[in-house]
Amino acid sequence: NATPVTVAQLAALTGIMNVDNALESQYQAAINAETTFSDPTTLAEVQTVIDTVNATAAADAAILAEVLEDSNATGGANNANATPVTVAQLAALTGIMNVDNTLESQYQAAINAETTFSDPTTLAEVQTVIDTVNATAAADAAILAEVLEDSNATGGANNANATPVTVAQLAALTGIMNVDNTLESQYQAAINAETTFSDPTTLAEVQAVIDT
């Protein structure tokens with residue numbers, strides 16, 4: 001009938017407690033997803049839905065408060081409590097997707113550097129951080145794969161694809177410093193001569209080549 005139950009209706013049910021007006025859409029979604037209601041549905045079953053939604057919202061709020069605390073946004077504290085948010089906490093947030101367990105330190109650094117979070121921080125803002133970090137990591141991985149491919153290290157192919165890494169790519173790598181545009185051919189030669197790169201090649205190994 002396209003008429004979802006309202007918080008006012010839920011709160012009016014006899015004996016139903018702790019209905020939060022701010023969570024109407026979450027209650028409606030949880031009720032819509034429910035497959036185990038009795039016919040007729042019982043007050044106890046409705047209370048269970050409310051309690052579950054409330055607990056999820058409280059857990060989300062606690063994690064989002066830690067995200068803000070870790071940040072340098074207004075209301076943040078630059079991780080003054082020395083307890084940065086974990087990938088497990090990020091992944092536990094309702095609706096948050098594509099959290100990569102291997103990128104915990106990068107997520108933490110990006111959150112710490114953030115100055116524009118709302119207070120309270122929103123799930124959408126957290127997802128944006130995750131998406132940005134993931135995209136950066138994927139770009140880094142692609143460039144590092146080309147560096148290895150250009151080399152004669154184990155896993156390398158002596159630039160079999162005839163596409164040597166460029167100074168623009170090297171400079172785009174996260175944290176890489178002092179790339180000199182005039183030395184592209186020298187960097188390419190040094191990478192090609194390299195036999196000790198890891199597989200996958202690390203940022204530190206690339207920096208060592210540049211510094212040399």
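How do the residues of the lining of the largest pocket divide into nonpolar, polar and charged? They divide into nine nonpolar, six polar and two charged, where Ala, Val, Leu, Ile, Met, Phe, Trp, Tyr, Cys and Pro count as nonpolar, Asp, Glu, Lys and Arg as charged, and the others, Gly among them, as polar.

Before selecting anything, note that this is a predicted model, in which local features need pLDDT of at least 70 and side-chain atom pairs count only at pLDDT 80 or more, while totals for chains, interfaces and linings use all residues. Residues are numbered from 1 along each chain as its sequence is written, and side-chain values use heavy atoms, with hydrogens and water left out.

**First stop: the largest pocket**

Select Gln106, Thr136, Ala137, Asp140 and Thr174, which lie nearest the centre of the largest pocket among the 17 residues that line it. A pocket here is an open set of points on a 1 Å grid over the protein atoms alone, where a 1.4 Å probe fits, with protein on both sides within 12 Å along at least five of seven lines, and lining residues have an atom within 4 Å of a point. The volume of the largest pocket is about 390 Å³, a volume being the space filled by probe spheres set on the grid points, which are joined across faces, edges and corners. Next, colour helix 5 (104–113) and helix 6 (123–150), each of which supplies at least two residues of this lining; helix 6 gives the most, with eight residues. Helices are DSSP runs of H or I, at least four residues long, numbered from the N terminus.

**Second stop: the second largest pocket**

Move on to the second largest pocket, which holds about 230 Å³ of space and has Leu23, Asp60, Thr94 and Thr121 among its lining residues. Helix 3 (residues 43–70) provides the largest share of this lining, six residues, and by class the lining has seven nonpolar, four polar and one charged residues.

Stay with Thr121, which sits in the loop between helix 5 and helix 6. Thr121 is buried, with a relative accessible area of 3%, buried meaning under 20% relative accessible area with a 1.4 Å probe and protein chains only. Leaving aside neighbours within four places in sequence, Thr121 is in contact with Leu64, Val67, Leu68 and Val126, contact meaning heavy atoms within 4.5 Å.

Now select Leu90, Tyr107 and Val126, the residues with the most contacts inside the largest nonpolar core, which has 19 residues. Helix 3, helix 4 (87–92), helix 5 and helix 6 each supply at least two residues of this core. Such a core is a set of buried Ala, Val, Leu, Ile, Met, Phe, Trp, Tyr and Cys residues joined through side-chain atoms within 4.5 Å. Apart from this core lies another, of 16 residues, among them Leu144, Val165, Phe197 and Val206.

**Last stop: two buried loop residues**

Select Ser151, in the loop between helix 6 and helix 7 (167–172); Ser151 is buried, with a relative accessible area of 0%. The side chain of Ser151 reaches the backbone oxygen of Leu148 at 2.7 Å. Leaving aside neighbours within four places in sequence, the contacts of Ser151 include Gly156, Asn158, Ile191 and Phe197.

Finish at Ile16, in the loop between helix 1 (7–12) and helix 2 (24–33), where Ile16 is buried, with a relative accessible area of 11%. Beyond neighbours within four places in sequence, Ile16 is in contact with Leu10, Leu43, Val46, Gln47 and Ile50.

Methods. Buried means under 20% relative accessible area, exposed over 50%, partly exposed in between (1.4 Å probe, protein chains only). A polar contact is a pair of N or O atoms within 3.5 Å; within protein, one must be able to donate a hydrogen and the other to accept it, and residues adjacent in sequence count only if both atoms are side-chain atoms.
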